Amino acid sequence: MAILVFVETADGELRGSSLEAVGYGAALAQQLGVQASAIVLGTNLSQDKLAKIGNYGITRVLQIADDRLNQGVIQAYSNALGQVVSAQGITTVVLAKSSLGDAVAARLTVKMQAGLASNVTELPLSVAGGVFKLKRSVFTGKAFQITEVKTANKILALKKNAFAPVPSSDSATVEQISVSLSEADFGAKIIKTDKVTGELLLPDADKVVSGGRGLKGPENWGVILDLAKALEAATGCSKPVSDLDWRPHHEHVGQTGVKVSPNLYVAVGISGAIQHLAGVSSSKCIVVINKDADAPFFKAADYGIVGDAFEILPKLTKALQAL
Amino acid sequence: MKILVCITHVPDTTSKIAFMNSDTELNKAGLTFVIGPYDDYALARAVEIKEAQGGTVTALNVGLAETEPTLRKALAIGADDAIRIDADPTDAYFVATQIADIARKNGYDAIFMGRESSDYNGGQVHGMVGEMLGMPSFSPVMKVEIEGTKVTLAREIEGGKEYIEASFPLVLGCQEPIAEWKIPNMRGIMSARTKPLQVIAPVSQENLTSGGHYELPPARSGCKFIDASEAEKLIDLLKNEAKVL
Ligand SMILES: Cc1cc2nc3c(=O)[nH]c(=O)nc-3n(C[C@H](O)[C@H](O)[C@H](O)COP(=O)(O)OP(=O)(O)OC[C@H]3O[C@@H](n4cnc5c(N)ncnc54)[C@H](O)[C@@H]3O)c2cc1C
Ligand SMILES: Nc1ncnc2c1ncn2[C@@H]1O[C@H](COP(=O)(O)O)[C@@H](O)[C@H]1O
């Protein structure tokens, strides 16, 4: 029995949500009394950065230093991980939910004949008899379910904030391993990537500031961006805002967009439709700023300010800068 | 072009979710069931492709008899025929096994699904089916363009998109803006009544996971209002009371 944590990179850094998965994997290994390793595919990270995985609780890092894996090619990734899992005697794979992680985990499930629990929100409630009882988010954030995974092999895909690791100064040793990948594994070619760089990614963020149709137009987004910057937050938006192309689609939060669970979610000029709430309701603290005191969002909020966003946001930004 | 579209039968997105039988079962009373929102995008794009290039669209659902109105709606939107695999879809692996079995028997060029179901939100079934059939799988796909045997896809990634060149056969998990949802017209609704809907018994497959009881998220303790004239007080509360700064 051993645990493997799949670690993703972004912009040449370790992804924040993957570090939560590392912390989770380490804690789970302790709960089960087994070994945990982490795995990184490709050569996007310097050896220094790989060693930092140790800060989050796993000191054995495996790397497949194949440049072809610097891009997230789904089939190549799942075939590589499938080989690692059998060579290393892995029974449980832990990963953070993401566009690549989800796609890879689903294929790996079939290779491992593993029960997969997705949107896991905390450590297993019980592991007695090798059966994991896992709490996970279902019905798009409207409910939780306790799911039992009884199979010998298991895959756990974690929701953001399922675990809050406390970094230590431990560093990891990196072992190079190799797998055999054929041209066919790279048959689907990624021909171009359009991606913002140097920006905090919404699914990784601990704080999020979102704007809705109440902001009236894309030219008014400055107040949102300033507040987000002062908070070190990522920016999000409601669906109509991305439908109108005021903001890019990957910022759209809610039932049909990104589901977030940050520590702080600030909603500005968003009415609080049930489809929007579904994507944010597991946030730890919700702040709502809306000029309509009857906006439904206030019912889901911890703090509220009734008023005009264009007057309130600059005040908040200023107060933050003065901290 | 022979396309299989897999659709879920799920509560409408505006539904308030409640449970019964000691929180072990969804309380369906008063809920309206619809085609899953992402599955609706998959279906709309599949129908567009069929209309442009010819071929057939088959809608498939793994579910009990209660899902038939949802399959009829898919027929009204433009699917040519429908298949219902008569089983309670409680585990993604079980569902994927059923879909893969039908696909092996019928041989489709492409299998379109939603990026995720809105009940269990696993986002898994397409990847599983792809692996079971030895086909590539891509999700979440925002755009699919076909030119001969070449398929160009846009897949959403965190902070942007990647463009992929692939070929048939393949499995896609779709999301907006891949196509506009189609609303059935009168002619569609009439013809849906006579289009074939086949009911097939499931192949045997053990469930790899099992669902226990449900919980609703804890209610928030109530909203503390801060007067707009002293908005900056919020920062102090976030720092010292909520401790999130
Ligand atoms: C199938 C389906 C799926 C959906 N999925 C999603 C989803 O994933 N995410 C999502 O967000 N929506 C989703 N929606 C849409 C959802 O139902 C709402 O229409 C949408 O969330 C409303 O966006 P909004 O709050 O920005 O706009 P509005 O409802 O127009 O609200 C604007 C708000 O701004 C306030 N306002 C106006 N001016 C100011 C000002 N100067 N200062 C402060 N406040 C001001 C107004 O009082 C109002 O409350 C979905 C809908 C459907 C049917
Ligand atoms: N019971 C089902 N019947 C048919 N298709 C399904 C079923 N469950 C899931 N799917 C398809 O698989 C996609 C992903 O579902 P999931 O992995 O549950 O998030 C859905 O959007 C559907 O296209």
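Guide: We begin with a definition: a residue is near a molecule or strand if one of its heavy atoms lies within 4 Å of it. This is a predicted model, in which local features need pLDDT of at least 70 and side-chain atom pairs count only at pLDDT 80 or more, while totals for chains, interfaces and linings use all residues. Residues are numbered from 1 along each chain as its sequence is written, chains are lettered from A and ligands numbered from 1 in the order in which they are written, and side-chain values use heavy atoms, with hydrogens and water left out.

Visitor: Why is the site of ligand 1 described as shared between chains?

Guide: The site is shared because residues from chains A and B surround ligand 1.

Visitor: Which polar side-chain atom lies 2.6 Å from an oxygen atom of ligand 1?

Guide: A polar contact is a pair of N or O atoms within 3.5 Å; within protein, one must be able to donate a hydrogen and the other to accept it, and residues adjacent in sequence count only if both atoms are side-chain atoms. Here the atom belongs to A:S238. A side-chain N or O atom of A:D308 is 2.9 Å from a nitrogen atom of ligand 1.

Visitor: How much of ligand 1 does the protein bury?

Guide: Accessible areas come from the Shrake-Rupley method with a 1.4 Å probe; for residues, only the protein chains shown count as cover. Ligand 1 alone exposes 990 Å², of which the protein buries 80%.

Visitor: Which residues are closest to ligand 2?

Guide: Among 19 surrounding residues, the closest are B:C6, B:D39, B:S117, B:G123 and B:Q124. The side chain of B:D39 places an N or O atom 2.5 Å from a ligand 2 oxygen, and a backbone N or O atom of B:C6 lies 2.6 Å from an oxygen atom of ligand 2. Taken alone, ligand 2 exposes 480 Å², and the protein buries 94% of that.

Visitor: Is B:M190 buried, partly exposed or exposed?

Guide: Buried means under 20% relative accessible area, exposed over 50%, and partly exposed in between (1.4 Å probe, protein chains only). B:M190 has a relative accessible area of 44%, so this residue is partly exposed.
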